[in-house]
Structures are given as C-alpha cells and as structure tokens.
Amino acid sequence: MTRIVALANQKGGVGKTTTAINLGASLAACERKVLLIDLDPQSNATSGVGLSKDENLSIYPVLMDGVSLRSIIRPTALAMLFVAPSSVDLVGAEVELGSAEGREFHLRRAIEDVGSDYDYILIDSPPSLGLLTVNGLTAADGVLVPLQCEALSHRGVAQLLDTIADVREFTNPRLRVRGVIATMFDPRGRLAREVLEDVHTRFGLDVIEPPIPKTVRFAEAPGRGVSILEHAPNSAGAEAYRAIAAVLHDDLRTGAAA
C-alpha cells in the first residue's frame with residue numbers, strides 16, 4: 001500500500017521543505033521507495049536534493065497539460081529517493097487552475113499513474129492555502145504539519161485545520177492529520193515545549209517525537225544539494241529524522257491512519 005503524505009503549513013520558514021527532503025531521505029534509507037513531489041514554485045526541494053530547475057521537466061505541465069507524471073520523475077543520489085521537480089512556472093498555476101475543470105483533483109489524477117510504484121509519496125506544499133496546497137491535500141491520505149517552536153508560530157494552525165476540514169468535506173474524505181513535527185527545537189528554554197503543549201491542548205494534534213533540533217547543519221546541506229543524512233549522518237538532526245521515519249514506517253506496517 002502506498003502512503004501519500006502532504007507536508008503543509010502556510011507560514012514560510014518553518015522547516016517544511018527541510019522536513020520533506022530529510023524525511024524522504026530517511027524513509028529511503030529504510031529501503032522504502034519514495035517519491036518527493038515538489039509542489040512549491042520556489043523549487044527548494046528540487047534544488048535541495050541536487051537537481052537543477054528545468055521548466056521542461058517539472059510538475060507544471062503535469063498539472064496543467066496532462067503530461068504523465070512518470071515522464072518527469074528524476075532520480076537523486078539516494079537509490080530509493082525520486083523527485084518530481086518544481087519550476088518557477090508554478091507561480092502561474094494558482095491562477096490557471098482557478099478556471100480549470102476539476103481544479104482540486106489534477107494532482108490526484110496524475111498520481112494514479114505512478115502510485116503503485118512507491119511505498120511513500122511525500123508532497124512538499126507551498127507556504128500558502130491556495131489551489132496548489134489544496135491539490136496536495138486532495139491527493140493525500142495524511143498531513144504532517146512542520147511547526148517552528150517559537151512564539152506565535154502556531155497562529156496559523158487553526159486556519160490550516162479549517163482548510164483541511166473543507167478538503168475532507170468536499171474533495172477527500174479520507175484525509176487525516178497525522179500530527180505535528182516540531183522543528184528548530186531548542187531544549188534549553190521552556191518556550192518550545194510550551195508551544196507544543198499548546199498545540200496539542202488547543203487543537204488536539206499529536207506531536208510526533210522526537211523534535212527536530214535547531215542546528216547549522218540544516219542550513220549547510222541544501223547548498224550542497226544533499227540531505228542532512230548525507231551531509232552530517234551522525235548529527236542530532238539526522239538521528240531525529242530517522243526516528244520520525246521509523247514512526248511513519250511503523251504506521252504503514254501496522255495499517256495505522258496517516
């Protein structure tokens with residue numbers, strides 16, 4: 001069974017793409033075949049795994065012109081990790097999708113062509129609640145919410161949950177929120193834990209352990225086009241993502257809800 005997971009948070013700079021890359025790499029290291037779909041026009045997931053931005057091989061014509069998703073998928077340096085790249089053309093997709101028939105379902109239909117090829121499909125959504133993110137949520141089984149452990153960082157969670165509720169009602173009744181991944185975590189103060197406790201108490205969201213520590217290693221890795229598992233395999237950040245990948249892999253093994 002293929003597990004399709006969207007990573008979503010409309011707030012930028014919360015470690016969403018970092019989580020998509022490193023979670024994908026960690027699952028691939030567990031010998032799970034992973035497809036990372038870069039749905040963000042900034043293309044940071046694409047460049048973060050060492051691929052160049054190529055408008056002719058991107059998710060844009062898949063969404064807008066019905067090009068086969070299989071035809072644009074590219075391998076990475078990790079044997080079990082593959083990427084459907086993004087490009088700057090996606091900037092216009094929000095407007096173009098607005099008038100398209102079945103506009104929320106374009107990505108779901110594209111994935112049908114390749115879904116059985118992978119154990120996991122991870123969707124790196126843009127930092128917004130527009131039609132690209134809605135396409136990702138409509139295609140997914142579950143949602144992971146990367147959340148920066150700082151004051152006010154969780155203000156947009158209620159809005160995201162409202163969007164997820166709308167998607168569940170109108171386009172994807174199977175969609176479930178798997179939980180929050182705490183990013184940029186600093187264990188030296190109380191604030192980070194208070195933020196996570198508040199999210200759990202106020203919204204009833206599970207916080208998937210362990211939190212991802214704040215470290216310069218995460219800033220270094222994308223510039224080299226590699227995951228933290230390749231750049232600093234023994235770092236605390238790499239260990240944290242391996243542990244979260246093990247939790248998700250156990251979900252798949254036991255058939256738990258995404």
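This is a predicted model: local features need pLDDT of at least 70, side-chain atom pairs count only at pLDDT 80 or more; totals for chains, interfaces and linings use all residues.
User: What share of the 258 residues is buried, and what share of the contacts joins residues 24 or more positions apart?

Analyst: Buried residues come to 53% of the 258. Of the contacts with a separation of 6 or more, 79% are between residues 24 or more positions apart.

User: Which residues have the most contacts inside the largest nonpolar core?

Analyst: That core has 50 residues, and the ones with the most contacts inside it are L35, I37, I59, L69, L107, I111 and I123. Take I59: leaving out residues up to four places away in sequence, I59 touches I37, D38, L39, L69, I72, A84, P85, S86, L90 and L107.

User: Why is F82 called buried?

Analyst: Buried means under 20% relative accessible area. F82 has 18% relative accessibility, so F82 counts as buried. The residue sits in strand β4 (residues 81-84). Not counting residues up to four places away in sequence, F82 touches K33, V34, L35, L36, I73, R74, P75, T76 and Y118. T2 is 80 residues from F82 along the chain, with 15 Å between their C-alpha atoms.

User: How do you know that helix α6 is largely enclosed by the rest of the structure?

Analyst: Just go through the residues. Nine of the nine in α6 (residues 131-139) are buried, so the helix is largely enclosed by the rest of the structure. The buried ones are L131, L132, T133, V134, N135, G136, L137, T138 and A139.

User: Which residues does T163 contact beyond its neighbours within four places in sequence, and is T163 buried or exposed?

Analyst: T163 is in contact with L129, V134 and L137 once those neighbours are left aside. V134 and L137 are among the buried residues of α6. T163 itself belongs to helix α7 (residues 157-170), and at 14% relative accessibility T163 counts as buried.

User: What makes H231 buried?

Analyst: The cut-off again: under 20%. H231 has 16% relative accessibility, so H231 counts as buried. You'll find H231 in helix α10 (residues 228-231). Its contacts, not counting residues up to four places away in sequence, are R217, E220, A221, R224 and V226. H231 and Y60 are 171 residues apart along the chain, and their C-alpha atoms are separated by 30 Å.

User: Why is S68 called partly exposed?

Analyst: Partly exposed is the range between buried, under 20%, and exposed, over 50%. With a relative accessible area of 32%, S68 falls in that range, so S68 is partly exposed. S68 lies in the loop between α3 (59-65) and β3 (74-75). Leaving aside neighbours within four places in sequence, S68 is in contact with V62 and D113. From S68 to H106 there are 38 residues in sequence and 11 Å in space, C-alpha to C-alpha.

User: What is the phi of S43, and what is the phi of M184?

Analyst: S43 has a positive phi of about 60° although S43 is not a glycine. M184 is also a residue other than glycine, with a positive phi near 55°. S43 is in the loop between β2 (34-38) and α2 (44-48), while M184 is in the loop between β7 (176-183) and α8 (191-203). At 1% relative accessibility S43 counts as buried, whereas M184, with a relative accessible area of 25%, is partly exposed.

User: How do you know that the peptide bond from E209 to P210 is cis?

Analyst: Its omega is near 0°, and the bond is cis. P210 is in the loop between β8 (207-208) and α9 (217-223).

Note on methods: Residues are numbered from 1 along each chain as its sequence is written. Side-chain values use heavy atoms; hydrogens and water are left out. A nonpolar core is a set of buried Ala, Val, Leu, Ile, Met, Phe, Trp, Tyr and Cys residues joined through side-chain atoms within 4.5 Å. Buried means under 20% relative accessible area, exposed over 50%, partly exposed in between (1.4 Å probe, protein chains only). Contact means heavy atoms within 4.5 Å. Helices (H or I, at least four residues) and strands (E, at least two) are DSSP runs, numbered from the N terminus.
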